[in-house]
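Look at the sequence and the structure first, then read on.

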Amino acid sequence: MDVRTKIEWLEQAAQYDACLEAGEPMPAALPPRVPDLRDSIAQLSANGRKAPILKILQTSACEKNCYYCPFRAGRNFRRETLSPDELAASFDQMQRAGLVQGLFLSSGIIGAVRSMDRMLQTVELIRLKYGFRGYIHLKMLPAAEEAQIERAVHLADRVSTNLEAPTAQHLSRLAPMKTFEESLVEPLKRARRLIQQTQGNSGQQVARSGMVTQFVVGPAGESDRDLLGASQRLYREVGLHRAYYSAFSPVRNTPLEGAPATPPRREFRLYQSDFLLRAYGFRVEELPFDGEGNLPLDQDPKTLWAQEHPERFPLEINRAAPQDLVRVPGIGPQTMRNILRARLDGKLSDLGQLKKLGVDVAQAAPYVLLNGRAAPVQMRLGFAWEALHLSPSNPRQPAHSA
Ligand code: SF4
């Protein structure tokens, strides 16, 4: 098979690889299409910028048997492998032609150390032989060696290891050949140490876009509390940049082919809640889980939290502390900063001013006071609950049963 056909196949295969970041947002518009290379291009958003990224596997061969994965050992599936020279040269051509601006490289595993070496060789060629200085995200394979992790954080802008599940027990239901702490958490911890050491010793910026991980949501029977608890732990202990949540979708001829697909809305609620942890100062224990540790699917978690805490509202916009402002539904970190700046120029006294600052006033109005006065459209919280047919004592339960 020629190299171009292999590139196209392994790029398409990468879209189904749970080792890749299926949860990363894909922009709507594709770059101008070039017929013979167009299928080799995936896009994702890196550092908030939309850029065409080649998302590809070094090989689709794998010796592991993860229950959810189309590449698992023994499954009848076309296997292709690119040598480091083939992949690096092809990427260089595509990059020079303006088709891609970055690389996201993962791989199946045929000997973890050997497979990781091939990926590192590829990236070294791209950086050193072809002189590419743009964005590279490199997967660290489970059980990668210390020296390989060190090389990875020096070569790549972002590194990742997918935990897949929030605990060792859950992982055993998904990927029995992987060990949770030793082969998945440990590489992230080592990468963190190496990044800190390098930056401390030389001031050199390495892996400047940080580390990320991904969870497969649903088939291990984990709760949302389990998943977000694992993420919170990683944010605190290894300085994880962010976690991705990928709603499970069954693959034919795998042990989990009969398991139900996870509703996309669950994935969405997890992303909303994760954002509350990273940017709003929430702790997992505060999130509005139901009795089984899951987030209600029908309402966003921040609004639910606010409804469950009437003692915190209404909040005076002109005096509230930043950490309280950001907890008002309809106010995010940026609009909170806008409000703080605007307060320096004088009192905020109407919803029109808040709207100009980026506040979602329809959401925020019931929860705020403006210069001591309730907003004109504001309902008292008790009335708001009634309007929503919710009970103040338990806002997720209907107030009356028919
Ligand atoms: S390690 Fe598991 S998830 Fe990754 S490619 Fe192999 S079988 Fe798939």
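In helix H1, the buried residues are Lys-6, Ile-7, Trp-9, Leu-10, Ala-13 and Ala-14. The model in which they sit is a predicted one. H1 covers residues 3-14, which is 12 residues. From its first C-alpha to its last, H1 reaches 16 Å, close to the 16 Å expected at 1.5 Å a residue.

The protein as a whole has 14 helices and 12 strands. Of its 402 residues, 42% are buried. Among contacts between residues at least 6 apart in sequence, 65% join residues at least 24 apart.

| Pair | Angle between axes | Distance between axes | Handedness of crossing |
|---|---|---|---|
| H2 and H3 | about 40° | 8 Å | right-handed |
| H3 and H4 | roughly 30° | within 10 Å | left-handed |

Consider the pair of H2 and H3. Helix H2 spans residues 84-96 and helix H3 spans residues 112-129. Their packing angle is about 40°. Angles under 35 degrees count as roughly parallel and 65 to 115 as roughly perpendicular, so H2 is oblique to H3. On the H2 side, the residues that meet H3 are Pro-84, Asp-85, Leu-87, Ala-88, Phe-91 and Asp-92. On the H3 side, they are Arg-118, Gln-121, Thr-122, Leu-125, Ile-126 and Lys-129. By class, the residues of this contact are 6 nonpolar, 2 polar and 4 charged.

H3 also has a contact with H4. The axes of H3 and H4 cross at roughly 30°. Because angles under 35 degrees count as roughly parallel, H3 is roughly parallel to H4. From H3, the contact takes in Met-116, Leu-120, Val-123, Glu-124 and Arg-127. From H4, it takes in Gln-148, Arg-151, Ala-152 and Leu-155. The contact of H3 with H4 has 5 nonpolar, 1 polar and 3 charged residues.

Which residues of H4 are buried? In this helix, residues 146-155, they are Gln-148, Ile-149, Arg-151, Ala-152, Val-153 and Leu-155. What do the buried residues of H4 pack against? Their partners are H3, strand S4 (135-139), strand S5 (158-160) and helix H6 (180-202).

How values were computed: Residues numbered from 1 in each chain as written. Predicted model: local features only at pLDDT ≥ 70, side-chain atom pairs only at ≥ 80, totals over all residues. Axes fitted to C-alpha atoms, helices over the stretch in contact; angles between N-to-C directions. Helix = DSSP H or I, 4+ residues; strand = E, 2+ residues; numbered from the N terminus. Parallel < 35°, antiparallel > 145°, perpendicular 65-115°, else oblique. Left-handed = near helix turned anticlockwise from the far one by under 90°. Contact = placed C-beta atoms within 7 Å. Nonpolar A, V, L, I, M, F, W, Y, C, P; charged D, E, K, R; others polar. Buried ≥ 20, exposed ≤ 12 C-beta atoms within 10 Å, placed from the backbone. Expected span 1.5 Å × (residues − 1).
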